[in-house]
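Subject: A structure to look through

Dear colleague,

Here is the structure I promised to pass on to you. Please open it first, and then read the notes below beside it.

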Amino acid sequence: MMGPSHALSGAAVWLAGSWALQQFADYHQSPLELAVGTAVCAGGALFPDLDLSGKVTRNQGGATVARTFGVFSLFIAEVMEKVSLGVYYATKLSKDPRRNNGHRTLTHTIPFTLLVGWGTTTLCAAYGKWAVIGILFFMFGLALRGLFDKWAERAGWVIVTLASAAAAWYTFANLPGGRGYPLIGTAVGVGCFVHILGDMITRAGVPILWPIPIKRRMWTPIGLPNKIALRAGGKTEVVVVRTVLTAISVLAAAGLVAPSVLQRFNIDV
């Protein structure tokens, strides 16, 4: 899937999940917590594609997400891609093919998703709001790049960076601790997992079962059969999938906001 679809899927899953928790578990979040969780999950749904690096010195190429913060994020993508490729060769079996890049390897696995979610929560718990503001800055930038890709491309990475910093600082000043911090780690982890599921419905698939060996392969790509799999960037993804995800997001957001609005006007339902 393309970057905007990944980001939209993260937002849709977080909003729908928050609505379900509110309806069936009586778990309520403040408007700010909902907004932050949605943005962080959308950013997390782009995070695994930081394993697709570009040309750092020229600020070109790579995945959409790799160009979020210009050369800085391209450098991070370069490092992540090389680490992923290193892990691939360190663990590959005889039937695993040779590769010249690490895209769709380590960052597209369940262990990576769990590590990122746990690591985010641990950093927030250990260093408090100073860790939170850094994580939010990075995730807000990814979310902006994915959800508003046309605007972000026109505005350029400097504007995206400034907007991310402003949003992170506002949240830093207003987001309460305690319950808010675990939600950030959960949102990042859920976003990464949603990304993996999104790539599983495309033709290339992902090695979601790593490190379980299958027929002398450690990195077996798992996905839908080519006949029904999506083509990344195709009309089905851009028109159908994004329309469905947008509808889910809007309906879930309306369901989350409606009770408080009705209560404010003393309307019983």
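A nonpolar surface patch of about 640 Å² is formed by Leu147, Phe148, Trp151, Trp157, Val158, Ile159 and Leu162, where a patch joins nonpolar side chains (Val, Leu, Ile, Met, Phe, Trp, Tyr) within 5 Å, from residues with over 30% relative accessible area and no salt bridge, and areas come from the Shrake-Rupley method with a 1.4 Å probe. Helix α7 (residues 157-174) gives the largest share of this patch, four residues, and Ile159 lies in that helix; helices are DSSP runs (H or I, at least four residues), numbered from the N terminus.

The model is predicted, with local features needing pLDDT of at least 70 and side-chain atom pairs counting only at pLDDT 80 or more, whereas totals for chains, interfaces and linings use all residues. Residues are numbered from 1 along each chain as its sequence is written, and side-chain values use heavy atoms, leaving out hydrogens and water.

How many salt bridges does a search of the whole structure find? The search finds five, a salt bridge being a side-chain nitrogen of Lys or Arg within 4 Å of a carboxyl oxygen of Asp or Glu. Because Glu78 and Lys82 are four residues apart in helix α3 (residues 71-91), about one helical turn separates them.

With best wishes

How values were computed: Patch = residues over 30% accessible without salt bridge, like charges linked within 9 Å, V, L, I, M, F, W, Y side chains within 5 Å. Helix = DSSP H or I, 4+ residues; strand = E, 2+ residues; numbered from the N terminus.
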